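Biologist: Hello! Could you walk me through the aromatic rings of this protein?

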Amino acid sequence: MTNFAIHRERSAAPDATRSCCFNIGRRRFVGALGAGIAGAALAGCAATGTGGRRRSLAPGRRVELLYLADTLECLKPSRPVAPATFLGPASLLGAEPWATAGDVATLAGAAGRDWQRLCIPELAVAQQSGGYGGLAARLEQLRESLGAARTLTLENGQCWSGSGLGHLSNGRAGLDASRLLGSDARVSSDERVLWPQQVESLYRRFERPVLGALPAGRSAAVTPATRFERDGVRVAVVGATDPHAFDESRQLDAWYQALHSSVEDAAKGADLVVLMADTGSGVARWLAGRLPAVDLVLAARGQDFWPDLIQVDHRSGGQVPLCLPGSHASGFYQLSCVSDSDGWRVEARFHLNDGALSPERSAPLQARFDQLRAPYAGWLDRRLATAPDWLWRRDSAGGSWDALIAAALAEGEGDHALLPGLRYDSPLAPGEAITRDHLLRLTGGYPARVTGLELSRDDLHQLVERSVDNSLGTPLVINNSQDLPRLSGADWQLDYGAGPGERSRIDAPAGTHRWQTFSARPEAPPGEPLWQRMERFLLDRPSLTLPPRPDVEARYVDGHPGWHPEARLT
């Protein structure tokens, strides 16, 4: 989780308070990426051919990839998350995946009822997933029917973290869950930051490849790529870690160069090259258009679902398919890679985890996952309050969970709160219990610390602009998988399509004011964890009412396929 990640240079050095909450000064290296390294990548593509064959394979060879990502430790049945608004760069208006509600069908060209249940908010919250038991049962069933000789199960993104369970078990429960799900390989993810002392032991216990092009000497248990053989096909799987991770100190050009080298090395002698990108959807799309020799890109971290493969135009010509599998254990993709005379044909089918499998198959598996959670269940599931209305988070502008967070932060500290546009969500219906686990989920399992920033009107505008740039700016490599910032205590306006530094107008009071926020960055100053602040706030209000939701007046967005505020849950 990145809080207000900023990539433009600042004219003055950041003070100690601000540097703990904001990541300053990496965007200036994007120019070097475009001029130098991307050119090298293009030269590499000319030699290998995007998605091209490395040796002659007989047509009809078949590799079945079962792909899941960003399950966020949703071991128990839970509601899927479907945003009503989702804006991307104005220059990519009409491109996937920046669409919501009925416009997903417009862009995807299909209207399957199953995947509509993951794209339309009112349909999403009307169902419960089958939990990890349903997920494991479907994966097991497919491996049996397709055959182990053809099947490869790949896991990406935040699967060992995301909830109170990981917070209490230091990642052990996530590790055990991955083994029960049958994952053959995964990408190194947030566990590096959350549990730096335990992570090497966790990776060794996993006993399967953990992938990522990390800096030399960072981890002996993480390798840039690995290779499998399925149906006589040599499959290279490469891992791309988050370029905006809290422990990522390399500039973007160095991060990209390391990944570029990993892909080139892995492609030697491989027939099929798969990139698992724990980078967010925007960065994954950017990589799909540039990296050489990649046949398929599997994205994670953005928590986005798209009902078909997105065909990304590559700079060398041709297209590279990009897969966005959703989150919260709502299902997984079956990607059938079939060799033909032109290279690889990838057929995608999404398996919704709707609990439809017979209980005889899923119930024993769910019981094993429940055992992982049992030692902590009493603490995690303690009832703190009752949801006064629909509680939801995922939205370009702000959700009702953000309203509660802003109110808890501002209590006793004035009326000003500035929140990052995090996508971690736990939809709750009116009357349902709010628990500690829900609060920990709102920060992805991080013990995010409450802190304050002394900001003038100009400081506030600068920080908001930088945050908007990370969400709506280009090139997509600067996208940090967050939505727009949330402001409570000041009205603000977004001019969609305006240039950097000109997108926001904020009606903030003159002078310097203290803005309450929270940060999960390791260098954040000591402070109260957000979940504790919220627990006290909730317990002090036996009759909880929903405060006003932080919002933005967005101009020039009407008609955007990702702008359907009328579909929000109320």
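Biologist: Which residues do ring pairs link into a cluster?

Modeller: First, a word on the source: this is a predicted model, where local features need pLDDT of at least 70, side-chain atom pairs count only at pLDDT 80 or more, and totals for chains, interfaces and linings use all residues. Residues are numbered from 1 along each chain as its sequence is written, and side-chain values use heavy atoms, leaving out hydrogens and water. Rings of Phe, Tyr and Trp (its six-membered ring) pair if their centres lie within 6.5 Å; planes under 30 degrees apart are stacked, over 60 edge-to-face, and the rest tilted. By ring pairs, the cluster is made of W160, Y203 and F206.

Biologist: Which residue lies over the face of W160?

Modeller: A charge sits over a ring if NZ of Lys or CZ of Arg is within 6 Å of the ring centre and within 35 degrees of the ring normal. At 3.8 Å from the ring centre of W160, the residue is R186.

Biologist: How many aromatic pairs are there in the whole structure?

Modeller: One of them joins F305 and Y333, with 6.4 Å between centres and 20° between the planes, so it counts as stacked. Searching the whole structure gives a total of nine.

Biologist: Is Y333 buried or exposed?

Modeller: Buried means under 20% relative accessible area, exposed over 50%, and partly exposed in between (1.4 Å probe, protein chains only). Y333 has 1% relative accessibility, so Y333 is buried.

Biologist: What kind of aromatic pair do Y333 and F350 form?

Modeller: Their centres are 5.1 Å apart, with 70° between the planes. That makes the pair edge-to-face.
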